Amino acid sequence: MLVTAGGALALGLATSSLTSCAAEQEPLEFPEVSWEDGTPAGPLEADPWVQGVRAELEAEAVARNRLDFSIPELAQTGTETYIDRVASDVITHVSNHGATDLYPGPLPFSPVEVKVGYDGKSDDAAEVRGCVATDWATESGKPADDLTGRGVAYRLTRDSRGLVKVDSTLALPDLDCTALEPLPAALFTPAPEPSGITEVYGITRPSGTKVGGSN
């Protein structure tokens, strides 16, 4: 077959373009967050530890919706141990139910107390206590009409780069959340859609590999 210089150039450009598209898939855009009744403005909202919880809750909700726990936003707001624990819980849920519910937005949360250096730890650790919504995630991705709260403590650490990350959570069943209801809620724009993943092997681990194999 005779290929002219121009034809060879066009063929090379086409091949290069296809290779580039295959190698450089555009990452999904991180959704915006729109607060239903205005951005929370309580006395603790400016606290960096509270801001760390809010950032993690947003990233975790996106990761749960996409069933992708390797997204950089989650790596910047949760420790490896915490992310692995969340991913393991979701893997178990999908294994048992064949699907996962959608988060309409970050889990609604209202802080009531921040303890820096809790339990004798250094100032690079803190516990943020507050209330989160129950039954927030739904099959349709639309929030329930009436949200009730439950007590929880988020335990965070500050790493060597100065990043504040959620490391673990602790249930606080004795914390009265009724006075804080309704909890401040925000919705993702665009609204989340089902990932289409119904088997655990489609879930992406924190390492970026698929469950049961590699990418």
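Modeller: Helices (H or I, at least four residues) and strands (E, at least two) are DSSP runs, numbered from the N terminus. On that basis, the protein has four helices and six strands, and along the sequence they follow the pattern α-β-α-α-α-β-β-β-β-β. The model is predicted: local features need pLDDT of at least 70, side-chain atom pairs count only at pLDDT 80 or more, and totals for chains, interfaces and linings use all residues. Residues are numbered from 1 along each chain as its sequence is written, and side-chain values use heavy atoms, with hydrogens and water left out.

Colleague: What is the average pLDDT of the protein, and what share of the residues scores at least 70?

Modeller: The average pLDDT, the predictor's confidence in each residue from 0 to 100, is 87, and 86% of the residues score at least 70. Residues 1-24 stay under 50, and the model gives them one contact (heavy atoms within 4.5 Å) beyond four places in sequence.

Colleague: Why is the pair of Phe109 and Tyr154 called edge-to-face?

Modeller: Rings of Phe, Tyr and Trp (its six-membered ring) pair if their centres lie within 6.5 Å; planes under 30 degrees apart count as stacked, over 60 as edge-to-face and the rest as tilted. The centres of Phe109 and Tyr154 are 5.5 Å apart and the planes stand at 85°, so the pair is edge-to-face. The structure holds one aromatic pair. Phe109 is in strand β2 (residues 109-116) and Tyr154 in strand β4 (residues 149-158), so parts 45 residues apart in sequence are tied together.

Colleague: What makes β2 and β5 edge strands?

Modeller: Two strands pair if DSSP finds at least two bridges between them. The open sheet of four strands has the order β2-β3-β4-β5, with antiparallel pairing. β2 and β5 (164-171) each have a single partner strand, so one side of each is left without a neighbour in the sheet.

Colleague: How do you know that β4 and β5 are paired?

Modeller: They share seven bridges in the antiparallel sense, where the rule asks for at least two. Arg158 stands opposite Val164 in β5, and Thr157 has Lys165 as its bridge partner. The hairpin of β4 and β5 has five residues between the strands, and Gly162 takes a positive phi near 90° there.

Colleague: Which helix lies across this sheet, and at what angle to β2?

Modeller: Helix α2 (residues 48-66) lies across β2, β3 (125-133), β4 and β5, and runs at about 135° to β2. Axes are lines fitted to C-alpha atoms, for helices over the stretch in contact, and angles run from 0 to 180 degrees between N-to-C directions.

Colleague: In which sense does α2 pass α4?

Modeller: The crossing is right-handed. A crossing is left-handed if the near helix is turned anticlockwise from the far one by less than a right angle, and right-handed if clockwise. The axes of α2 and helix α4 (residues 80-97) come within 11 Å and cross at roughly 35°. Glu56, Glu60 and Arg64 of α2 make the contact with Tyr82, Val86 and Val90 of α4.

Colleague: What is the phi of Asp119, and what is that of Asp135?

Modeller: Asp119, in the loop between β2 and β3, has phi near 50°, a positive value in a residue other than glycine. Asp135, in the loop between β3 and β4, has a positive phi near 55°, again in a residue other than glycine. Asp119 has a relative accessible area of 66% and is therefore exposed; Asp135, with 64%, is exposed as well.

Colleague: What makes the bond between Glu181 and Pro182 a cis peptide bond?

Modeller: Its omega is about 0°, and Pro182 is in the loop between β5 and β6. A cis peptide bond also joins Thr189 and Pro190, with omega about 0°.

Key: Buried < 20%, exposed > 50% of the residue type's maximum accessible area, 1.4 Å probe, protein only.
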